[in-house]
Amino acid sequence: MRKLSVIAVPLAAALAAGAIAVSSGSGSSHREAPLSALDPTADDTDVYAFTAPDAPGDLTIVSNWIPFEDPAGGPNFYRFDDRARYYLNIDNTGDGVYDVRYRFQFKTTVRNPDSFLYALPGVTSIADPKLNIVQTYSVWRETYKNGKETGARRIAAGLPVAPDNVGPKTIPNYGAVAAQAVRALPSGGKVFAGQVDDPFFVDLGSAFDALNLRVGTGNAGGGKDDLAGYNVHTIVLQVPEARVTRDGKAVASASAQNAVVGVWSSTDRERLDVARTARHTKARAAQAREVQVSRLGNPLVNELVVPLGKKDFYNRTQPSGDLKHFGKYVLEPELAKVLNILFPGLNVPETDRTDIVQALLTGIPGLTQIAPGAPPTDTLKINLGTVPNPNPNRYGVIGGDTAGFPNGRRLADDVTDSSLRVVGGFLKGNKLPLGDGVDQNDVPFRATFPYVAPPHAGFDSQIKRAEPQHAPVGPDPSQP
Amino acid sequence: MLARLAIGAAAAFVLALGAFGLLARDGEPAPAAPSAARLPELPPPSASTDRRIAVLQAIVRARPRLEQARVMLAAAYAQKARESGDVQFFDKAGGLLEQALQRDPADPAALTERAALSLSRHDFRAGLRDARAARRAGPGLNRPFGVLVDALVELGRYRAAGRALQAMVDRKPDVAAYSRVSYWRELHGDLTGARRAMALAAEAGADTADSTAWVGAQLSHLDLLRGRLRLAERDAREALFRVPGHPASSAALARVEAARGELPAAIARLRRLVVRLPLPEYVIALGEYEQAAGRHAAARRDLALAHAEQRLLSAAGVNTDAEAAVFEADHGSPAHAVRLGRRAWAAAPSVRSADALGWALTRAGRPAAGLRWAHRALALGSRDPAFLAHAGVAARAAGRPAEAAPLLAAARRSPGLSPVLVREVGR
């Protein structure tokens, strides 16, 4: 046998095992392009809409993208997609069509193209040249009547995105640097974009592993927050009510005609002709340059209500089509059937769930109905006339706190527990003590804009958190 | 929130859907009661493939009726095979998918994964069958479009591929769609358009660091073909910064170094690469660079290894006819190369197969026949320097210098031309 060199030995070993796959790289071989179903920069994770106690005349929207940002993700940092368009949509007429849209577009600058480093140590301000990779953004406000654009104006440009919290050596006083990303809008209100703690809290295993609730039916704590320690990218927008209401006026009271608006986020990406030389038909030329790739209104609707084979379709469609496309899945939710199988004796109603349709999609009359007879649309409906509750209840409306979910959604609202209970039949008198055992976020929210908690630093990140056990919370959470 | 639930922590969520799926299909109660044992939690997307495999194995054991978990494990095995080069993981993935499809022959997720698996093994017709079945089974889903486009491209059905790809990108422009648009344009000779589409893919970003680095390697490849060596180097180095040692990006950087005449650097880089991942493609490039650098003994040894690898792959049921034909034509028996080339064309009538067969014929002393196949290879307008060189050499040998000259000139201009072909066209 010929003498094999050092390299040839592992080669020979691999050969002996018959263990060599086809190339997946470039060149003449078959290409294995990504098949990923996941699209982190476009996928909205959560939308919150609330009246902040310190800004009672304003609508505040928190909208998140890019889930599972690992604070200790090494040289990989996270940013918005420069070529995507991020939207916060508002429907003030109740037809599921946007009447006001805020559009956000980002631009990345690499200050030193010879370096791939995110930043050099000792960053002291958001304009510090030691920040090598920086994002800025512009905000447009678009208005529509019956779906036709009536105006579009750039209301801010060149605003800085708060940097990723890569660690205390790189950005010693992260809070002060990120605070410089809070910007006033000349037309009224404030805006912030950048990395923050993921404000959602849920025991994914417990809520989604066929409702494998950890402690009894999950109303006594003991859950594990699967999102603790992870960051997301957020856009927080706070604008005067009059900028989003039907009549362009402030809201006089909770019963005012203009009091309720529906909020949702969406992401568009650029359409592309496969062949650049393609001759355009008239029909093709009339198509929009952008395609909606993702949308989100109420929490958990696409996850728990829309069936697997329709999830991509949901993301392409508008709320105005929700009755036609998804109505039947809300009226007869699979989740209700699963609950009955897993917990015999719960007697969860399985059909004709108009109570769920009303709570999430048409709006509760006198509280979150945008207009009389409004069709079911998956938008997060908020009554801007509702006074913020100084003692909020995490269960929101079903906990007797009408200033919380599904009247908008506050950061601390426990939407997993209240959704489980609503599906359990709470609004039909079947008050079940369901929950995932996680009651609150892993870190406290802020009392002032942008309200969400600062991002976890890579240096000291702690993934996951266990909720302490406590006395069971009741069938009726307003009387624990 | 789909993303958060659909991957990362949330295989668990998919499993809940699995319970729904069982309900929907059986129409009657599925699992009796939730088991007391809790499922392990899936690690986030940033976790390694090994970690995903370990967790999914535990989930499949705990919930044997949840087909989604089985399909996810199969996908993780296939990913492992692509990362490690160990084809045994393809077999494991295949076994799991057969089980899943036995229970539900119309499960779109399992059909899509099996299509991807067939494509990885270069069984493009089987891939096309499954891709179409997946499209029928899940008409609302985006994912089957990717495998459908890949199968059509590999089978040389470029117009149908273009139509499917347009539908794909109209539905959801993302890294999967943009990167396929890039390849389709590259095949049609539109390198600028290909670079633009791949830049969109890079901007959109992928769900794993590995996929992101793959996009970087493709950017480098396209920049090299466009003669932008500095940019090509930067693309590859950035991908390597994000994913140290990323194989395709290391190979891309070695090609840039070779294009600059820095053969010792390219050789050292490829040598480090093939120790970890001895794919024939990398071993052949290494051997050819060694040959060009005058290191004949090392070249002979590495090319012999590449030769043995081709035979083993073929024995393991992986169809590598087109690559093997070119390799045989360059470094082995041209007569055997012709046989392999004919088989490649019969299995997958693509421009790649046409090029391989044409080059084999040319090297076997039949340049006129070789040229006819070379015309087929160039029919879409490809600017692949190897295609151009093969056509040029065939035309020159067939006594058609007027046709040969511009082809050879174009090949010579391309910094992406392999050293073997540099010698051929320069002769």
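Predicted model: local features only at pLDDT ≥ 70, side-chain atom pairs only at ≥ 80, totals over all residues.
As a general background, nonpolar side chains tend to be buried together in soluble globular proteins.

When its neighbours within four places in sequence are left aside, Leu270(B) is in contact with Ala251(B), Ala254(B), Tyr282(B), Ala285(B), Leu286(B) and Tyr289(B).

## A helix pair in chain B

Two packed helices are described by the angle between their axes and the distance between the axes. In chain B, the axes of helix 6 and helix 8 (residues 143-154) come within 9 Å and cross at roughly 30°. Because angles under 35 degrees count as roughly parallel, helix 6 of chain B is roughly parallel to helix 8 of chain B. The crossing in which helix 6 of chain B passes helix 8 of chain B is left-handed. On the side of helix 6 of chain B, the contact is made by Pro108(B), Thr112(B), Ala115(B), Ala116(B) and Leu119(B), while helix 8 of chain B brings Arg143(B), Pro144(B), Val147(B), Asp150(B), Ala151(B) and Glu154(B).

## Strands of chain A

Chain A holds an open sheet of 5 strands in the order 1-2-10-8-7, with antiparallel pairing. Its edge strands are strand 1 (44-50) and strand 7 (183-184) of chain A, each of which pairs on one side only. Within the order, strand 2 (residues 58-69) and strand 10 (residues 231-240) of chain A pair in the antiparallel sense over 9 bridges, and Val62(A) has Val236(A) in strand 10 of chain A as its bridge partner.

Another antiparallel pairing in chain A joins strand 11 (residues 260-270) to strand 13 through 4 bridges.

Most residues other than glycine have a negative phi, and most peptide bonds are trans. Against that background, the peptide bond from Phe405(A) to Pro406(A) is cis, with omega near 0°, and Pro406(A) lies in the loop between strand 13 (380-383) and helix 10 (415-424) of chain A. A cis peptide bond also joins Phe449(A) and Pro450(A), with omega about 5°; Pro450(A) is placed in the loop between helix 10 and strand 14 (465-466) of chain A.

Although Asp352(A) is not a glycine, it has a positive phi of about 55°, and it lies in the loop between helix 8 (334-342) and helix 9 (354-362) of chain A. His122(B), also not a glycine, has a positive phi of about 65°, and its place is in the loop between helix 6 (108-120) and helix 7 (124-137) of chain B. Asp352(A) counts as exposed because it has 10 C-beta neighbours inside 10 Å, whereas His122(B) counts as buried because it has 23 C-beta neighbours inside 10 Å.

Methods
Residues numbered from 1 in each chain as written. Chains lettered and ligands numbered in written order. Helix = DSSP H or I, 4+ residues; strand = E, 2+ residues; numbered from the N terminus. Buried ≥ 20, exposed ≤ 12 C-beta atoms within 10 Å, placed from the backbone. Pairing = 2+ DSSP bridges. Contact = placed C-beta atoms within 7 Å. Axes fitted to C-alpha atoms, helices over the stretch in contact; angles between N-to-C directions. Parallel < 35°, antiparallel > 145°, perpendicular 65-115°, else oblique. Left-handed = near helix turned anticlockwise from the far one by under 90°.
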